[in-house]
Amino acid sequence: MPSTVLPPFPDDVPAHSMIVVDFDRLAARDPDAIEQLIQASTTLGFWYLKNHGLQEVAEDFFNLGEETFQLPLEEKVKFEQGDNGNSFGYKIPGANAVNSSGERDNMEFINVAKDDVLAWPRIARRTYPSTVETHMTSVLQPFVEKSLAVASILLDVFNEYLSLPAGVLASKHTREEFSGSEARCIKAAASPDVLKVAIGAHSDFGTLTLLHNRLGGLQVMDPETNDWKYVKPLPGHIICNLGDAMAIFSGGILKSSLHRVIPPPGAQRHLDRWSAGFFVRPGNSVLLAPLTEGQRVRAAIDDGASTKNMGNLATRANETALEWFTRRIKNQRLKNRTGPETWTASRGTEAFTE
Ligand SMILES: O=C(O)CCC(=O)C(=O)O
Ligand SMILES: [Fe+2]
C-alpha cells in the first residue's frame, strides 16, 4: 500500500462518530479508557484505537500484500483457500457471494494463519506464496506478535468487565491451540460501479478484529436506525471491532455489528482500496456458548437481556469455533452455492435477530 497522499474522505457522507480509545491508557488500566472501551463495545461494537504501536508493522504488511498480489495469477491460485471452508491462503476475486442472490465479490485476499507465523519455519497449517514465506520473520512475525499483544490487553479488560475468573478469555485464545486467527491483506480493485458491494454485509466470525484502513468504504449498520454509515479512516488510528464469538461468550452484552465494504466515497473512488487486519478467533476446540461463570454474563442470560440481541442463540450454541468458522467460510464460496439457503448457512449472530 503506497503511503502517497490520498484524496480526502468526503465530509458530506454519513459517518459514525466512533469512540476513540487510547491503548496506552487502557494498558495502564486507566478507568476512563476502560469506560470508553466498554461504552463502545456494548453499543456499536466498533471503536478507534490510538497509540497502539502497530503503524509500522502494518505498513510492512501492506507492502507484502502488494508484492503478493503482483505475482502471476497462476502462481497465486496454487495457494487458493479452496471450497472446503478453510480460510488460509489466497482468495481469488469472485470466489465469494456478497449477498443471498449469489452476486460475486471483487476482493483479493491473502490470509496467513497465526499458527503458521508462530511455528515458522515449521509448516503448521499450509504453505503460502513465496512473497509470504520470504517475509515470515521480517514482516509477519512482528505484525502478528504485536497484534496479539494488543489483543491480549483488550481481552483482559473484557474478562474483568464480564466478571470472569482471571484468564478465562485468554484461555480460549492460546498461542498453542490451532485456531482460525489470521493476518489478512485485502485489495479491492477500483470499480466503475459505485454501488458495487466488495464484501457483503456480515458480522465477523471470531472474537476481535484489528483493522487498518486508509480509504473509506467500510460501512457499519447503525443498530438504532438500521442505516449504513461509513467509518472514516483516521491517520494513526486502527479500527477495532468485536465478532460473533465475543457476542456469544458475553451472552449478547458485547456487540458484533453488521458491516460491509463498498467502493470508497467521493474522490477516493477511483483508487484501488487496500485494507489489512488481524483477526483474533477462539481455539478450534472452544465451544461457542455464553461464559456463565461470569456473574455479569449470567445476569444477562437470566434476565433475558441477551435474548433481545440473540433471539435463538440457544439453537446455534455449542458449535465449536472450528465448526462455526468452517460453516461460514464454506457457504460463502460460490462453488458451494445451491440457492439463497447457502448464504443463510454462511451467517453468524446477525441472523439471530432476523
Ligand atoms: O476492508 C475492510 O475495511 C473490512 C474488512 C472486513 O470486514 C473483513 O475482512 O471481515
Ligand atoms: Fe468484517
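Select strand 6 and strand 11 (residues 259-261): the two pair in the antiparallel sense over two bridges. Strands are DSSP runs of E of at least two residues, helices are runs of H or I of at least four, and both are numbered from the N terminus; two strands pair if DSSP finds at least two bridges between them. Within this pair, I199 stands opposite V261 of strand 11.

This is a predicted model, in which local features need pLDDT of at least 70 and side-chain atom pairs count only at pLDDT 80 or more, while totals for chains, interfaces and linings use all residues. Residues are numbered from 1 along each chain as its sequence is written, chains are lettered from A and ligands numbered from 1 in the order in which they are written, and side-chain values use heavy atoms, without hydrogens and water.

Now show the whole sheet: it is open, with four strands in the order 6-11-8-9 and antiparallel pairing. Strand 6 (199-202) and strand 9 (228-230) each have a single partner strand, so one side of each lacks a neighbour in the sheet.

Next, select helix 3 (residues 55-69), which has 15 residues. Its buried residues (under 20% relative accessible area, 1.4 Å probe, protein chains only) include V57, F61, L64 and T68.

Last, select helix 2 (residues 31-41) and helix 7 (residues 136-161), whose axes, lines fitted to C-alpha atoms over the stretch in contact, come within 11 Å and cross at roughly 80°. The contact (heavy atoms within 4.5 Å) is made by I34, L37, I38 and S41 of helix 2 and L154, V157, F158 and Y161 of helix 7.

Definitions and conventions:
The expected span of a helix is 1.5 Å times one less than its number of residues. Buried means under 20% relative accessible area, exposed over 50%, partly exposed in between (1.4 Å probe, protein chains only). Axes are lines fitted to C-alpha atoms, for helices over the stretch in contact, and angles run from 0 to 180 degrees between N-to-C directions.
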